[in-house]
Each structure stands twice: as C-alpha cells, then as structure tokens.
Amino acid sequence: MTTSGTGSHAAHARWTAPTMGRAGMIADILAAVQTHQSVLIDGEVGLGLEAVRDAVADAAIADGWRVIAPGELVRAQSGARLLLIGDLADLGSAEAGAFIALRSRSSVPFVLSRRPAQSFEGSAPLDRRIGAAGAVRFTLEPLTPEECDLLVDEQVNRGDVPRDVSPVERRWIWTTSGGFPRIAAALLHDLIRADDAPPGPIALSRGTVLEATTIVNAQPPLLRTLGVALLPLIGVGVARLRRSFDAVELSLLFESNAVTQVDEVLRIPMPLQAAWRLQGDTHRLQDPAREVLVDICTAVSVDAGCSEGEVFAAVNALAIDHELRVVVGEDTHFAVLSAGMWAARRRGDNALAAALARRIVTAFPARACELTRIAARGEDDDLAEYTRELRDGELSMTPSQLWTWVLSLRTVMTGDRSGVVGFLSEVREHLPATRADSVDELSRAAQAADALEAGDWEEAAALADALVGDESAAVTARYRALAVGAAVAAVRLDHDALHRVDRMFVTVRRQHTLSGQLSDDFATRTQASVAMYIALAFVGSGLARSAEALDYENTMITRAMVAGDGPLLLPSLITRMLSSMETADARELQAIVRFLRRNAGSELGRGIVAIIDSPRPGGERRRGMSRFVRYGIGSVRALTIGLRSSTADFGSALRAIGEPATPLVQLGLAFVNAATGTGPIAPDRGSTALESHTVPGALRDYLLGRERSDPETLMSAASVLLAAGAAQATEAALNAVLSAADDDEDLARRVRSMRRVAGSRVPDRSRAQQALTQRERQVALLAAQGMRNGDIARRLYLSIRTVESHLYRAKRKLLIPRESLQLSMLLREPERRQADRIGDLRDSQIRRIREADTTDEASDSGEAV
C-alpha cells in the first residue's frame, strides 16, 4: 500500500512538535498506526524525515502509545500499544532480531524512515525480516505551496516570528526554498530580519546556507561534481544539457531535488546555489558545460534561436572563462554580448545593459555604434538617431538581429512616443518581405497608442480591435493592441468592453506557442505588462478581475520568483498591488511595498519606490506619464482611497484626475453633488451598461433611485457601497432610502440593520482626526510600510526615542493604534494650512485631499514594441 501522504486529517491530529508543513501526512500516518499498520517513509535528506518522525512520536505518546527507538529494542519489554519509531539505517541485526522477537509476542507496528527511496523488489534481507513489504509506504516530496503555507502558519502561531506573513511573501519562501522544509523555515526568519535591514534583496543567513549545504553534502561525490558543473547553466533548456551530460546522472540529480527543472529549464533555488558554490571552483567551466555554452554562443551567432536565459548564461560564462572566448571567436563573442545587451534593455535592467554595452565598447571599439554608446551611458532609446543610423548604414546587423533588436526596444504601450512610426518605417526597408507585415502591425499598434494619447477614443478602438482580431498578426502587436483596447474601455467606463478585452487576452495567450526563442521571451514580458494595464483598467473602472486573471497573476509571480527574474516579477507585483487596493488588503499592500523596495532594480521599480518615498510629485514625472496611466491611477485612487475616506475626498480625487469629460468623473461628481446637496440629481443616461454590483454601478443606482424615489434601488446601491468600505456614501444612500420609504417599517428595519453593520466604518465627527506635521507623517508612512523603529531612525537620521515620540503623536492624531496604520490612510491624510493652526479646525478642512497626490507621481515605464 503506497500513499503520498497529502491527506486532509490534520484537524484530528494532536501534537506539539513542529510538523514543518507535513500535518496531512502525519495525520495519515497516525491513522495507519491506530489500526496497527506499520509505516515506511521514503525521502531524501532535507525533506523533513526527522520532523515527521518527531511529530508522529509526539502525537503517539499523547495518544497513549509507548514509543521506542531502534537503540532501545534490545532492552525493550513486550506490552500493549508499543510503537517503534526511527530510521531504518539505525536498525542493525541485533535490533532487528529483538524487534522480530517482540512482534512474535504481540502486535508491534513501526514507523521507519529511509533514504534513498527504492522499490521493495530485491530489497535487503533486513527489510524482509522486519516485514517492510507489508508496510504502508509514504514518500516525502518537496513541499507544495499549501504545505509551505502550513509551515509558515505553524511558525507564526508558535510565536517563532513576530508578525504575520502575506501571500506574496509566502510564495517567495516556497519558490526560494525549493520545497525543502528546513530551508523554508530559515528563509522565513531571513525575511523577517530583512524588515530591519537597508533596502535591497533579502540576504541569506549563514543558517539558511548551512541547511542547504546539508542537502548538497548528502549527494554522492559524482552527483556533487555534476551539480557544480551545472551552476553556470542555470536558465538553460534541459534538452541542451542532455546532449552534453550523462542522461542517467542528470536524472539522478533531478530526483534528489537539489537541482530542479521547471518548464524544461534548469533551475536551482538560491540557497542551494550558494551551497553548490561551496563545493568547488565555479570560475572555471567543466568540459560538458563549456560544450553546452559553445552551442548556445554559436546558435546566437547564426540566428539559430536561444532563450533569454540561455543568452544570459552565455554572457556570464564569456566573462569568466578565457578558453570559451578563444573557442567561439570574436564575431560570436560580439554577437552574444549584443544579444545580452538588448535582452537586458528589454527587461528594464539598464544597469546590466550599460555594463554589457561598456564591455562591447572596450572589447570591440571598432564595432561600437551610437546605439551601443547610448546603452553604455544608460540613456533612453533615441529613435531619431536609430532611424538615421539605419538610413546611413551605420548599424551592422543581420535581418534576424535587427528584428530582435526592434522587439527589445521599450516604447510607451498606451501613449504616444515621437518617432516610433517613422522608425518602424525605416526598419521595414531593412527587413525581408516576410517581416514586412509584422512591422506594419507594430506600426498600427503604435498609431493606436498615439490616438489614445490624443483622446481620439474612436480611432484608438478601431485600430486596436482590428489588430486584436487578426489571428495572423504578430503576437507582440496584438498584446499591445489589447492594452490600448483596455485603456479605451476604461476611459469610456464600458464594463462589457473590458470583459471582452479580458477574454481576448486569454485567447491570445493560449494561441501564443513558445518555441524557445529570444523573441518569445520578449513577448512574454510584454504579456505580463499588458496584464498590468488590463488590471489598471479593471480596478480603475470599479470591476473585480476574473478568476482566470487572478490565476494568471499568481502563475507569473511564481514563474518570476522561481527564475529570480525581478523585472518580470515587477508588473505582476504591481497588478497584485492594484488588487490589494481594490480589496483594502493592507497586509498584502504593505508586503508588496517591502518587495518593491528590496527589488527595485528596474526603472519602473525605482519609479514606484520614488512615488512611495516622495508624496509630492515633480513636473518631470508628470510629463513622463501617458494619459491613460494618469487617468487609471487617478481613478483607482478615487474609487478606493478617496471614496473610503469621505464623499468630499472622493470628489477632490475625481477632479485631480484631470479628465472632466470622462464618464467616471462625471458620474462620480454627480453623485457627490447629489449626496452633499450642492447640485441637482442628474443621472447619467448613458451608463446603463454598468454592472450594478460595482461602485460605478452603485453610484448610478443612487442617482436613479433618488430621481425615481425608488428605495429598493437605493438599498441596492447602499449594499454595494458598504461592501466597498465607503462609509459616508453608504450613509447618504441609507438616508435617501428613508426619505423615499414613506414610513415603510420593513425598509426602516433593513436600514437600521445595515447601519449597525456599517457603524464601525462611519466616521465619528465628535473626534475629528487632526492633521500630521511633516515629520510625523514621514515617520508614520514608513511605519505603515512595515518598517521597524530602528530602521526608520537610521533612514531619517533620528534617534529611536524621537521616532517613537513622532509615532505616538501620529497615532493619537489619527485616532488609531499602530497595527491599524495603513498606507491608504496616510496617503489621504490632510495637511493643515498655517491658518488652520489658529482656532478650530472645520470638518471640511480636516478632510481635504492633498492636491498633489501620488497619482501624478507614477511614471509610464514604457514597454517593448
């Protein structure tokens, strides 16, 4: 009988020893023991054999069993409810004989572990003597995400860590640990320690590396040598590896889980990479690895096709291995460095791209054109200069290299950028006829973005729809057109159109077949960015995203974390941040802010961190934003932070968007005027396609209910607004219900019930919040992002006592404890004008939204063509 031990009986088990995420398996083992069945657990070192045995022993003792270890067998006396727990390797001949004697007198089940896993056919005589063939077998595999969550929960509940851990942090622990329980537990503590560390990637502790080293050292010498040889090949396709390495040895190493393959690509979790590096010299390539890298370099040189990961592996190897540089020659060396430079630019990693460009300028000065020099200086792409160099024949590239370079350029996806269409027209002249259609499609996508920026929604939608519907069009052009289509639908507040865009995005993704080419990796990055724009359009229109969209978001976050790909992770994190704002999930929002601080390696990441750090935007950042991004972020802020704060704040946030003719702004301001009695009740007759369960739909229903004196429509609006956390808006709707109810006792009862639910959310006007000073707000904002007092003190050059004093006063003024300190509250916290400090503060002044809000600070990162 064999099982994987993923049962759901954990709730029935009782133990105090850490289960390390194996609660389901432990419960299943205990269930087998209760029926006097013996259990054999197979598993590699590091997968938690000891933890499982200890937890089973703990629970069995609590259940009345007399547990003995293999070393106690010789002296053990027979008796009822006797249970042997240990490792098969500790069971020698004497112990086995004693155990057999015990079993001859009474039923004595065992729970034994062993490594490595093997079939019972041809098993050792000892296995047969103790009756292992009849035992229930369990096999330990790496933790699943759900089991890793159980491990984290257990650590939090036991008080081993001082705070809860958000879903995105849990996913990082799982992907980085490789599913090894003890590494996961060590990484959890590394994550918590990083709260007090300066911004940057989470540093691995000595304990984490030692846990990984234990796993690596358990491998046979042959496999340890193989693991070291594979280190320079992380990110390379496994099919390439099998052509140069022994297939059997590779399979054995993969079975150990110390080296893994994900989507047929070699991956090694970060702690295990550190452990493998301790095994030998990683600065000299072994012959099979060099053979693989020569193949990759040659493939790049002759346009045979390589993935992004393979290009970067070759770039890194060329930097450390002189023999590889000699073998491939200067032309191939130059081609690989150029491809790496383009790929780094496409990733948004300008620092890496600049370093590679400087290597090209140094090693191949005669070949360095202005394109390379621009990259070496870390400057933005100069499309006018590129057009001139192409026209004058100064760029020496094959057609395939030229096409790859064009795909790597980062241009604004939902806004206009001068010179794109002209540049693409020149590119078209230098590519074969087979590429002409693809260039034309990219040009049409750029024209759609231009129309969007100009406010010509009809033209933008027509161009985008035609391109998206053309299944023969280049996938990158279709993705870009989808971003434009989502933007147009959001600006029009067209919920039906947004759902169509979302469904088409799923369709295009499924039609996009990957072939291991660099262009495919570029398209995948564009895909992740388009998902971010669609999420911005959805949340900015008050729509909840589909389950499939959320699954895609989780998939991309996991994929990026497994690959250690920060630039790919960034758009997915921003997408998750939008979801957190929509659901008011402060814990997840704060965790994402921490991740952005630690991993702000790209321009977009640094821009987001700058927004968080600097609440007052600069004019240059305003100019760098596309029109849709300004609108999208403004609408998200209005529908979340603004509406939850107060009706007045909602109106101020709507006006700050700067698009008074858009349906959302008009609808929202009509609601504000009607709710505050400052204007007529003016329903928007063109907004009938809005979904009633959304905030915009509720605003429309409120206006219609007021106009028609329809209490049921008003109650429906109040329910939606209450669910959205809009306390004042809910109260306005409930007041309107009572006015229209005509002394209807049933409606009055329903209103009272809803008010009880909403009571904690309705502001207490007798205790108005006071505005913070600049320093109090600065300290509180950092605390709301999860920083510790010591970290805040170091960052602001203050004493810890001063930080505590500022934080105490901020909490008193905001009427909240520190644990309730949220970014959304601080981003809407008003500044007192100098005149307000004399005399009483009026309620309307207290609730002012800062005119220069963080909406203006987001910069449109730009995406590849």
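Biologist: Which residue forms a salt bridge with Arg163?

Modeller: Asp195 does, with the closest N and O atoms 2.7 Å apart. A salt bridge here is a side-chain nitrogen of Lys or Arg within 4 Å of a carboxyl oxygen of Asp or Glu. This is a predicted model, in which local features need pLDDT of at least 70 and side-chain atom pairs count only at pLDDT 80 or more, while totals for chains, interfaces and linings use all residues. Residues are numbered from 1 along each chain as its sequence is written, and side-chain values use heavy atoms, leaving out hydrogens and water.

Biologist: Where do Arg163 and Asp195 lie in the chain?

Modeller: Arg163 is in the loop between helix H5 (145-157) and helix H6 (167-177), and Asp195 is in the loop between helix H7 (181-193) and helix H8 (206-217). The two are 32 residues apart. Helices (H or I, at least four residues) and strands (E, at least two) are DSSP runs, numbered from the N terminus.

Biologist: Is Arg163 buried or exposed?

Modeller: Arg163 counts as buried, at 17% relative accessibility. Buried means under 20% relative accessible area, exposed over 50%, and partly exposed in between (1.4 Å probe, protein chains only). Asp195 is buried as well, at 4%.

Biologist: Turning to Asp42, which side chain does it meet in a salt bridge?

Modeller: That of Arg137, at 3.7 Å from N to O. Asp42 belongs to strand E2 (residues 39-42) and Arg137 to strand E6 (residues 136-139), 95 residues apart.

Biologist: How many salt bridges does the count come to?

Modeller: The count is 44.
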